[in-house]
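Subject: Structure handover

Hello,

Here is the structure for your files. My notes on what was found in it follow below.

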Amino acid sequence: MKKFSILVVDDEKEMCISLSEIINSNGYRALYTVDPKQVPVILSGENIDLIIMDVRMPVISGIDLLKRIKITNKRIPIIMISGYTSVESAVLAMKYGALNFYMKPINTTELMGEIGRVADSYWRDADNFDHRIVSRSSEMERIKKEISKVAPTDAPILLTGESGTGKELAACALHDQSERHSRPFIKVNCASLPETLLESELFGHERGSFTDAVERRLGKFEIANGGSIFLDEIGDMSLKIQPKLLRVLQDGEIQRLGGSSSISTDVRIISATNQDVDELIREGRFREDLFFRLSVVIIHIPPLRERREDIQALTDHFLEMFNRIYGKRLRSLSPEVAEIFMRHQWPGNIRELRNCLERSCIFAAQQQECLEVDLLPTQYRASADRQQDGGLAGYFDGPIPFPIIIFIVMVIFWQYILRRTKLGRYSCAVGGNKEAARLSGVPVDFYHIMTFVIGGLMAALAGIIYASRLFSATPLAGQGYELDAIASTVIGGTSVSGGEGSVIGTLVGVLLLNVVSNMFNLLGIQVYIQYLIKGVIILTVVGFDSYSRYKR
């Protein structure tokens, strides 16, 4: 954990040394300079959290330097000091963004109190960084609006979604925007405790109710009275405890373990699960009546792979947070890392992205500003290695990819048709379908029909896959770009008149679509738009090829 860093700027070296010693003795990190021209250099090379600066200095005044710093570093708080009594200087300093103004000789007790408040605010902000819903996608913006609507009510809320999608953040937002925001917000993970301990944790117990119950203990529902309780992984709650939770929802009453009297409680219940509750009900593992009580409002949090527009916003958010915590300077992703992030499936969702960026920030050099591939964990670097071979290596990793199999079958079948008909033999010799038909006696319509059948089947296959990707908002499968491969197969394969030409056409199509995909990802174009544009390209090529084939 980095120390809170303070830069002292004064043309009097004795003052710099004195203040630095006091600051260091209070557990902070102090740097100083007697040359105000060195301040921009220091700020570019160090993570400074607070500046203490004299007003009157040679070459450049403290007020002018204050204005310059605030242009490029608005967030850095600055405390001005001066040995000359001047109301005008104090007013100007506050006008241009100074946090406070102290006269020399400085009351160090007051100054250290001010520094302590700034440091507390700094670390509080760093902690709060992790408790905000960060998003750019329309789906998450819709969910945030939904949270704002239901938060002021006392209706029970059920949050659903995969692990790591941000259900706990949504629960925090529901509490913070409710009328109960000043009251307790208690979190309980139902999957982390065995049945007996969970019952005691939720409802409390009386002395002697079980072997280790040496004294009475209040449960979470009593502690949260007047506030909210968040029951995470509600699907793992045992059938024995579920009726007691149902009673809380119905009657607002609990009964401690080993107790005989009912205790009234006023608690808003927010629950969450990553399981299919309908399936749990069918299997008899969850009470249907409890589900109906818990799910007055259901909010589903989509996985990260279905809202890729949020990846960049989340990356910026986490980098800024970890820069504060670890004293690093990472500001951006390299193009290679950006592409890896956009193509990765993120099975661990936001939690996986957060851990990846924290690990990268820890291993980054002190002055490094761009996150490169070598900072990523091994599994991400392996993905990058597959993409460095011009985008084609991924198609041939492991077993033969499905699109290549389709392509080979199509070429073999078409070559068989050509070699088994007089039309094919004459077509190769004469160079025109109509002339070949006249000489061979084979109707040219046969050639057209087979062309349309093969080309149509391939186009339909690509269209179905495009549609499924489009409406599910999922990315390209794996790292092999199978979707682009199938699209390329259609582009190259529908113009088959000979094996060599079709192979070249397919390879060219793969390369072109790979370049287009990389360009779209670097420009941050949404996945929906990418698929629409590439779909139009493919349909245009296939249509033109079919039309020109018909005219021959």
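Val 134 sits in the loop between helix 5 (108–128) and helix 6 (138–150); helices (H or I, at least four residues) and strands (E, at least two) are DSSP runs, numbered from the N terminus. Leaving aside residues up to four places away in sequence, Val 134 touches Ala 313, Leu 314 and His 317, where contact means heavy atoms within 4.5 Å. Its C-alpha atom is separated by 10.0 Å from that of Lys 144, ten residues apart along the chain.

This is a predicted model, in which local features need pLDDT of at least 70 and side-chain atom pairs count only at pLDDT 80 or more, while totals for chains, interfaces and linings use all residues. Residues are numbered from 1 along each chain as its sequence is written, and side-chain values use heavy atoms, with hydrogens and water left out.

Leu 314 also belongs to a helix contact. The axes of helix 13 (residues 310–326) and helix 15 (residues 349–363) come within 9 Å and cross at roughly 40 degrees. That makes helix 13 oblique to helix 15 (angles under 35 degrees count as roughly parallel, over 145 as roughly antiparallel, 65 to 115 as roughly perpendicular and the rest as oblique; axes are lines fitted to C-alpha atoms, for helices over the stretch in contact, and angles run from 0 to 180 degrees between N-to-C directions). Residues making the contact include Phe 318 and Phe 322 of helix 13, and Leu 353 and Leu 357 of helix 15.

Two backbone details may be worth a look. The peptide bond from Lys 104 to Pro 105 is cis, with omega near -5 degrees; Pro 105 is in the loop between strand 5 (100–103) and helix 5. Glu 233, although not a glycine, has a positive phi of about 55 degrees, and lies in the loop between strand 8 (228–232) and helix 10 (242–251).

As for confidence, the protein chain averages a pLDDT of 77, and 67% of the residues score at least 70 (pLDDT is the predictor's confidence in each residue, from 0 to 100). Over residues 422–432 pLDDT stays under 50, and the model has 21 contacts beyond four places in sequence for them. Residues 469–485 are also below 50, with 53 contacts in the model beyond near neighbours in sequence. Where pLDDT is low, the predicted coordinates should not be read in detail.

Regards
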